[in-house]
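Me: I have a structure open and would like to go through it step by step. Could you help me read it?

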Amino acid sequence: EWRTPPGVESAIRYGSNRIEVDRLQFVNGNQQISADGAFGAAGDRLQVELRAVDLATVDQLALGTQRFGGSLNATATLGGTREAPEVAGEFAISNGSFRQFQYQALAGTAQYTADGLRLDARLNQTPQAWIAAKGFVPSTFFRPAAGEVTTGAHVAPAPGQSLDVHITSSALDLAIAQGFVPQLSRVSGTLQADVRAVGTPHDPHLTGNIDIRNGAFAVSDLTKGSYTGLDTRISLDTDRVVIEKFRVLDEHK
């Protein structure tokens, strides 16, 4: 149950394609959501803040299936216009989870303009096990440019519209895969990545390496679906994927 704090009066005014928010606040225990400012006209700024928001509750309200957990703190400033919004924010999740995968912290900054999204984020499973993503995702990834070639041929990005995201990690627990592939269980081993993504929505390219060591997993739909000994390096070279060695053993080795 969310309430307005005692003694706080809020107001929302809308008109002429502009919205004004005056001291909008809701609290639930130590959780708080607040907004103040305006949006719609040039020069407007709308400030939004979330404190200690329980992601499991948000997931439940969104009719989720207990996929997310953790405590979220975030601030965001919304500016620009409806046709060209601009958003800048910071976020931090502590003691988070995604399905069976658990992590200590996920934090970063994000900035969205008409050109695209600039992101700098890092997930710490433990202080020694982490994965980070930093770079630029152009707006054409969210709304492809009119007339863009989709035939599979090479597509040169327009100036300032090239994807450029660098993903790096330490030796990360391979159990992270359980969050994205629910059919897997008892996942163990490590994954380490150093990958860079560039290009356009219809012609992306990846370079770098992904190393998997001592991988093991079970498949829930198989009666005897336990596998071990997964060791491989996957090399990405623009338009080529090279698997240097791939081996996995069943229960009979």
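Reply: A term is needed at the start: strands are DSSP runs of E with at least two residues, numbered from the N terminus. By that numbering, Arg23 is in strand β2. Please keep in mind that this is a predicted model.

Me: What is the phi of Arg23 near?

Reply: The phi of Arg23 is near 55°, which is a positive value in a residue other than glycine.

Me: And is Arg23 buried or exposed, or in between?

Reply: Arg23 has a relative accessible area of 40%, so it counts as partly exposed. Partly exposed covers the range between buried, under 20%, and exposed, over 50%.

Me: Which residue in the loop between β1 and β2 has its place there?

Reply: Asn17 is in that loop, between β1 (11–15) and β2 (18–28). Asn17 has a positive phi of about 60° although it is not a glycine. With a relative accessible area of 42%, Asn17 is partly exposed.

Me: Let's change topic. What volume does the largest pocket have?

Reply: Its volume is about 430 Å³. The lining consists of 19 residues, and Tyr103, Leu106, Leu123, Ile176 and Phe180 lie nearest the centre of the pocket. Two or more lining residues come from each of β6 (85–98), β7 (101–112), β8 (116–126) and β9 (129–138).

Me: How do the lining residues divide into nonpolar, polar and charged?

Reply: The lining of the largest pocket has 17 nonpolar residues, one polar and one charged.

Me: How much space lies in the second largest pocket?

Reply: The second largest pocket holds about 220 Å³. It is lined by 13 residues, with Ile131, Ile167, Leu191, Ala193 and Ile210 nearest its centre. By class, this lining has 13 nonpolar, no polar and no charged residues.

Me: Which element gives the most to that lining?

Reply: β12 gives the most, with four residues. The elements that each supply at least two residues are α2 (177–180), β12 (184–200) and β13 (203–219).

Me: Now the nonpolar cores. Which residues make up the largest one?

Reply: The largest nonpolar core has eleven residues: Val53, Leu55, Leu72, Ala74, Ile93, Phe101, Tyr103, Leu123, Ala129, Leu172 and Ile176. Two or more of its residues come from each of β5 (68–80) and β7. There is also a second, separate core of nine residues, including Leu184, Leu191, Ala193 and Val195.

Me: What does Phe101 touch?

Reply: Leaving out residues up to four places away in sequence, Phe101 touches Gly96, Leu123, Gln125, Ala175 and Ile176.

Me: Where does Ser170 lie?

Reply: Ser170 lies in the loop between β10 (163–169) and β11 (172–173). The side chain of Ser170 reaches the backbone nitrogen of Trp130 at 2.8 Å. Apart from neighbours within four places in sequence, Ser170 is in contact with Gln128, Ala129, Trp130, Leu191 and Gln192.

Me: Why does Ser170 count as buried?

Reply: Ser170 counts as buried because its relative accessibility is 10%, and buried means under 20%.

Me: Last one: where is the place of Ala216?

Reply: Ala216 is in strand β13, and it is buried, with a relative accessible area of 14%. Neighbours within four places in sequence aside, Ala216 is in contact with Arg186, Val187, Ser188, Tyr227 and Thr228.

Me: How many residues apart in sequence are Ala216 and Asp54?

Reply: They are 162 residues apart in sequence, and 32 Å apart in space from C-alpha to C-alpha.

Key
Residues are numbered from 1 along each chain as its sequence is written. This is a predicted model: local features need pLDDT of at least 70, side-chain atom pairs count only at pLDDT 80 or more; totals for chains, interfaces and linings use all residues. Side-chain values use heavy atoms; hydrogens and water are left out. On a 1 Å grid over the protein atoms alone, a cavity is a set of points where a 1.4 Å probe fits but cannot get out, and a pocket is an open set with protein on both sides within 12 Å along at least five of seven lines; lining residues have an atom within 4 Å of a point. Grid points are joined across faces, edges and corners, and a volume is the space filled by probe spheres set on the points. Ala, Val, Leu, Ile, Met, Phe, Trp, Tyr, Cys and Pro count as nonpolar, Asp, Glu, Lys and Arg as charged, and the others, Gly among them, as polar. A nonpolar core is a set of buried Ala, Val, Leu, Ile, Met, Phe, Trp, Tyr and Cys residues joined through side-chain atoms within 4.5 Å. Buried means under 20% relative accessible area, exposed over 50%, partly exposed in between (1.4 Å probe, protein chains only). Contact means heavy atoms within 4.5 Å. A polar contact is a pair of N or O atoms within 3.5 Å; within protein, one must be able to donate a hydrogen and the other to accept it, and residues adjacent in sequence count only if both atoms are side-chain atoms.
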